[in-house]
Structures are given as structure tokens and as C-alpha cells.
Amino acid sequence: MSDFSGLEIKGRIAVPADADWDQARAPWNLHVDQRPEAVALVESAEDVAAVVRFAAAKGLRVAGQGTGHGAGPLPPLDGTILLKTERLRGVEIDPQERTARVEAGVLSLELAEAAGERGLSSLPGSSPDVGVVGFSVGGGLSWLGRQFGFACNSVVAIELVTAEGEPRTVDAENDPDLFWALRGGGGGFAIVTALHVALMPIADIYAGIMIFPAELGAGAFRAYRDWAAGVGEEVTSIVRLLRPPPVPDVPEPLRGKPLITIDAACIGDREAGEATIAPLRAALGEPIMDNFGQIPAAGLCRIHMDPEQPVPAMGHHAPISGLPDEAIDAFVANGPGPETGSVLLLAELRHLGGALARSGPNNGALDKLDFPFVMSAIGATMSPELAEKVPGDLDRIGAAMEPWTASGGYFNFAERPCDVDSILPAETCRRLGEVKRAWDPDDRIVANHAVSLDPAA
């Protein structure tokens, strides 16, 4: 056990002997058992720099963490300081430039609400309490993504601390290689202390969710597929099999019942949004619930109904090359629907395309995704019995969708350990390796998806 008495910061260093050690080391995903050497609860960029310099002097590694949503793929944290940025919560909006400065502990909902007060919108994803930094360095699939692309490519500057403990600000003109890598290439190159992001001139949006009985089965998914093929880039949507747990937060009529949900965001006014969603309503009939309407853009964070408190869960994802009838049949037969035997909480398909499928001259390491859908499946491991059964059901739906699985993947949905080269194109991985060797040759910075230091890799 290292001696941390010489590490002085404004925040706090938690060690295993502390009474609240288990709380300090816990990530948002409570399934993950993180066991670092110590936890640094930092309160400033200066604290971050002090921690990294201490680690360098002591031969330790550093893993940055905002919320711990993506903690599942982290390697063992032996010899590692877990640097938690949850106390860095500053948000500054520049309405003239339409930008925001967001410190490393800021949550998606916090940025969305701050931008919304100025009639602007961030590029929020489906979870209100995911960290903006982790969401962005891993890519950032947004409700506005088919129109505006990945959140990582809305980043205009990054404040960080290098592996040597040096504070820097990087952008397209200053250290552009590091700036490129941290936009979609994961966080394994430096510790990010703040992002500067572009905001969109959107104050409100037509969005919501429709919920149907899962007994509609594959026919509902075919109707969704056909509808999604015809919508414009202003529409981003998700279709999902969902079995809500029988807990008080879930409305009683929905608890424990297999459901099909469709949620979408349509940039524009109510009239245009109603016209866009109308064919789905006509095809699927009377829903159990339909709350579509014109909402403040900040409300996008909550339409997917993601949990807002830490939970234990395991996940699996796959890029999907297309949805012929056979793929839909396989998905429905192996998800948490009626009589499938699956204990999964959800299995969903997110519609990509549009700006998410186009290269851009100023894009970061995540340039585009060539597949039209991405599948994500999640199992809540709230009991030992579920923890035992969930991995098999995740593997089962993954195997069932194998014939339609494309190459590559998406960092923020990769809940299992994997190397960068299984996610990103070979040329991107080669360039990321060069950046890693230049900025962190001792592999001091730990991230949930590893970049190889081997030039031959």
C-alpha cells in the first residue's frame, strides 16, 4: 500500500482504511467492484495536476472518472489512483458565441438546463446523469445526432492535465493531435478537466415516447424499421424491448410487464413533429402511453426514462448492418419479450445514419459510423440470481444477431473489456497509438478502452 501523506490537494484522498472507502470507490454502475490504491476526490484542475505528478513520482497510474457509467471495461486498478472529478461542476454559457465551458464533473442534464436558459441546446444523450466529459470523449450519440453528428465533434477546445502533470488547453491549432484523439478516441491520453463545446440554436423540440404491449411483437419492429427508413435527418429515434423492474419508481401498470417503446426527437415545430410521428401511430394502434409533444430541449435527457440513480448492470452491444425480417425475428425472440425467458431489462436498436455516417474535415477520432443501427442490451444484476443469468442472456441475443453484425462498434456502449482496435478503423487505431506514445509513453493514464503502445499493433 502506497503512502499518500505527501499528496496535498484541496479535495480529499480516500484510502482503504477510511470508513467510507466503499462509497468513495463506487462507480455509478454498482455491478463493478473498483479496487484502486486510493481515490482522489479533486476540487480543481490544480488538484488534478498534483495527483498526476504524485503518481508519476511514485510509479502509480491514474484513472479519471466522472460518474462511472462506463466503469465495466476498466482494467484492474491495482497500482492506480482513481481520480474522481465529480466535484468539478462549473458551467459557463456564452450565448453570443453559442458555446459552453463545462468542467469534468458536470452531468448531461446540468449542461442541457444551463444551455436551455439561453434558448440553446447541447447534444444530449439518453441519460440525464451521465457525465458530459465521458459521454463526449467516447463519442456521444445524441438525440440531435442525425442532424448535428457526434457530441465529440462539437468540442472546440479541451482543458487537460498531461501524463506528466502539466495543465494544457488543446484545440485545432494547439496540440491538434491530442485534441483529435480525445474527441471520440477515449480518455487514455490525458485527464480532461474541462470541455468547451458548441451549442445548437434550438430552444424546443417535438419529442417523447410511445409505449405498447410487447405482444405486438416483430410486426411493431417492422413498422418502425419502415418508418425510420423514410424520415429526415432531423429525426433521431430508438425502438426497444423493455421489461421494467417491479420497483416503486415505475408506474404500477408497467411494472414487470414486457413492453415495446419507441422514443424520438424531431427538430422543428409541433406541426412538423406530429406529421412525422403520425404514420407510426397509424401503424401501431392505441399505445399504453404516448407523451409526445413540444418540449424544452433540456427535456430530451429524460424521454428515454433512463434511471437517475446508480444501479448494478451488465451490458452488450453490436453494430447492426441492417434489419431484414429475419434479423427482427431474431432480436424479438431473444430479447426481454413475452415467453422468451430472457431476464434482460432491455434490448434496443438506435437509428444512426445522417450526419453520424458522414466524414468531416474537422472531426475527431470518431469520424463516422457506417452501420445504420446499433444494438444495446442491458441486464440489471440486482440479485445474485440475476447476476448469474444476465451474462448468458446477453450472449444469447448477441449470438442471435451475429448474421447482421457489422465490424467495429461504439465506445460508450461497449460495456465489456475490449481493445480500441476492435472498435475503431485500423488507420485510426494506428494514429491513436502514435498519440499515446507521444503523450503517455509510460502508459500512466488508464482508460476503459486501451490504446496499444506497441508500434506493431
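I call a residue buried when its relative accessible area is under 20%, exposed when over 50%, and partly exposed in between (1.4 Å probe, protein chains only). This is a predicted model, where local features need pLDDT of at least 70, side-chain atom pairs count only at pLDDT 80 or more, and totals for chains, interfaces and linings use all residues. Residues are numbered from 1 along each chain as its sequence is written, and side-chain values use heavy atoms, with hydrogens and water left out.

**Entry 1: helix 10**

I began with helix 10 (residues 384-400), where V390, D393, L394, I397, G398 and A400 are buried. My helices (H or I, at least four residues) and strands (E, at least two) are DSSP runs, numbered from the N terminus. What do the buried residues of helix 10 pack against? I found strand 15 (313-320), helix 9 (325-334), strand 16 (346-351) and strand 17 (373-380), taking contact as heavy atoms within 4.5 Å.

I also looked for a bend, the angle between axes fitted to the seven residues ending at a position and the seven starting there. A kink of about 30 degrees sits at V390, shortly before the proline P391.

**Entry 2: cores**

Next I looked up nonpolar cores, sets of buried Ala, Val, Leu, Ile, Met, Phe, Trp, Tyr and Cys residues joined through side-chain atoms within 4.5 Å. The largest has 73 residues, and F4, I158 and L432 touch the most other members. Helix 2 (residues 45-58) gives the largest share of this core, 7 residues. A second, separate core has 43 residues, including L241, L280, L344 and I397.

I then checked I158 by itself. Leaving aside neighbours within four places in sequence, its contacts include R168, V170, F179 and L195.

I traced an open sheet of 5 strands in the order 5-6-9-7-8, with antiparallel pairing. Two strands count as paired if DSSP finds at least two bridges between them. Strand 5 (91-94) and strand 8 (167-170) are at the edges with a single partner strand each, so one side of each has no neighbour in the sheet.

Which residue stands opposite L160 in strand 8? I got R168. Strand 7 (residues 155-161) and strand 8 run antiparallel, joined by 4 bridges.

**Entry 3: helix 3**

Helix 3 (residues 108-116) packs on the sheet, touching strand 5, strand 6 (99-103) and strand 9 (191-198). I noted its buried residues as S108, L109, L111, A112, A114 and A115. They pack against helix 4 (132-137) as well as strand 5, strand 6 and strand 9.

Note on methods. Axes are lines fitted to C-alpha atoms, for helices over the stretch in contact, and angles run from 0 to 180 degrees between N-to-C directions.
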